[in-house]
Amino acid sequence: MNFQRYFQNRLSALQDEGNYRVFADLSRYRGAFPRAEHTGQSGDRQDVTIWCSNDYLGMGQHPDVIGAMHDALDRTGAGAGGTRNISGTTHDHVVLEQELADLHGKEAALLFTSGYVSNWAALGTLASEIPGLIVFSDALNHASMIEGIRHSRAQKVIWKHNDLNDLETRLAAADPDAPKMIAFESVYSMDGDIAPIKEICDLADRYGAMTYLDEVHAVGMYGPRGGGIAEREGLMHRLTVIEGTLGKAFGVVGGYIAASAALCDFVRSFASGFIFTTALPPAVAAGAAASVRYLKQSGTERQGQRDRVAGVRAGLDRLGIPHQPNPSHIIPVMVGDPVKCKFISDSLLEEFGIYIQPINYPTVPKGTERLRITPSPVHSDADVSQLLDALSDLWNRCQMARMPLAAQ
């Protein structure tokens, strides 16, 4: 087999379909988010405004976070020096896990190197180690959840997205004596819709199921202390496991679960994705702890972010640019074609200095290609006006050229 030709043919097919992904080479300016420098493929550089970051509140630039990381570097050096089991558990890791357990009202928390790994390892371990467990997985769960469940080889039942009737039908049809787990997200990252957490917990109680809630796009963003949708709705005590990330609203990197002390210890003791990997650097743990601690007592960033989202949505409505309605902070501007989506994204960057990555298949289904906009409290009124003017210009250009776009 000619392996190189095979690789190139597959890549060429992605390019022909408009689904080939190009990384934007960015250098963020410290203290000036959402500003960054973009280096193009030809080496040319330009200042850009980022409108698609998951650093939802700009905490990756917050002085408390940066200061804590500098302090930890001065105290401890760069790396953790090993796995958590072999010399890699520093006091900064212990403090961060305590902060996260407190955030979610749980007995304990357990850190992982990323949100992807936390889902993969926790779900994979629980589903493989609990004999006969049936996992009921929402149809739109993140790839990390899907991979963890698949890796476990446990029986899985996929239920229609956020469809309580379908979930109950499937729970009722299952072996009543089998242990069960319902795995779902709070805020779904591409459509921005929110799960009916209370009603899912009611079904879990009725059928004796554990609940596993992925709050990665909600932690820091919702609730009086940033504990997520479950905190906002007073439901944290009803969730068996709450999973979150430190790489989005908290502005650093890493993932975690929060649950009972016994469950966290169980995952710690049996999860290969935890046991056999080097611990996060202490400076990362210190920065994340500072971010969590700050957002527990400050609602200013959350309110500013909500105001920005409302302003962008209102502007899109005035311009007649279609965006998917939802109750969250994510604004999906629906384009509906991969080539057009890439054209608009490229033009925003090249002509207007605005960076929004196109979202194409397989991240979203074909025909639902979109620009995923995430306004932050550090975007200015001028930034919003520039974004809306640029989108209006490009949308009109596409329509005049008879380039099909999503229905308005």
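Q: Which residues of β9 are buried on one side and which on the other?
A: In this predicted model, V241, E243 and T245 are buried on one side of β9, and I242 and G244 are buried on the other.

Q: How many residues of strand β9 are buried, and what follows for the strand?
A: Burial here means under 20% relative accessible area. Of the 5 residues in β9 (residues 241-245), 5 are buried, so the strand is largely enclosed by the rest of the structure.

Q: Which strands pair with β9, and in what sense?
A: β8 and β9 run parallel and are joined by 3 bridges. With β10, β9 pairs in the antiparallel sense, over 4 bridges. There, T245 has G255 of β10 as its bridge partner.

Q: What is the strand order of the sheet?
A: The sheet is open, has 7 strands and mixed pairing, and reads β4-β10-β9-β8-β7-β5-β6. β4 (108-112) and β6 (155-159) each have a single partner strand and stand at the edges, so one side of each lacks a neighbour in the sheet. From one strand to the next, the twist averages 20°.

Q: In what sense do β7 and β8 pair, and over how many bridges?
A: Strand β7 (residues 180-185) pairs with strand β8 (residues 209-214) in the parallel sense, over 6 bridges. M181, for instance, has M210 as its bridge partner in β8.

Q: Which strands does helix α4 touch where it packs on the sheet?
A: Helix α4 (residues 91-103) touches β4 and β10 (255-259). The direction of α4 makes about 125° with that of β4.

Q: How is a pair of packed helices described, and what are the values for α7 and α8?
A: Two packed helices are described by the angle between their axes and the distance between the axes. Helix α7 (residues 164-173) and helix α8 (residues 197-207) pack at about 10°, with axes 11 Å apart. Angles under 35 degrees count as roughly parallel, and α7 and α8 are therefore roughly parallel to each other. The crossing of α7 past α8 is right-handed.

Q: Which residues of α7 and α8 meet, and of what class are they?
A: From α7, L164, L167, E168, L171 and A172 meet E199, I200, L203, R206 and Y207 of α8. By class, this contact has 7 nonpolar and 3 charged residues, with no polar ones.

Conventions: Residues are numbered from 1 along each chain as its sequence is written. This is a predicted model: local features need pLDDT of at least 70, side-chain atom pairs count only at pLDDT 80 or more; totals for chains, interfaces and linings use all residues. Side-chain values use heavy atoms; hydrogens and water are left out. Two strands pair if DSSP finds at least two bridges between them. Helices (H or I, at least four residues) and strands (E, at least two) are DSSP runs, numbered from the N terminus. Axes are lines fitted to C-alpha atoms, for helices over the stretch in contact, and angles run from 0 to 180 degrees between N-to-C directions. Contact means heavy atoms within 4.5 Å. Buried means under 20% relative accessible area, exposed over 50%, partly exposed in between (1.4 Å probe, protein chains only). Angles under 35 degrees count as roughly parallel, over 145 as roughly antiparallel, 65 to 115 as roughly perpendicular and the rest as oblique. A crossing is left-handed if the near helix is turned anticlockwise from the far one by less than a right angle, and right-handed if clockwise. Ala, Val, Leu, Ile, Met, Phe, Trp, Tyr, Cys and Pro count as nonpolar, Asp, Glu, Lys and Arg as charged, and the others, Gly among them, as polar.
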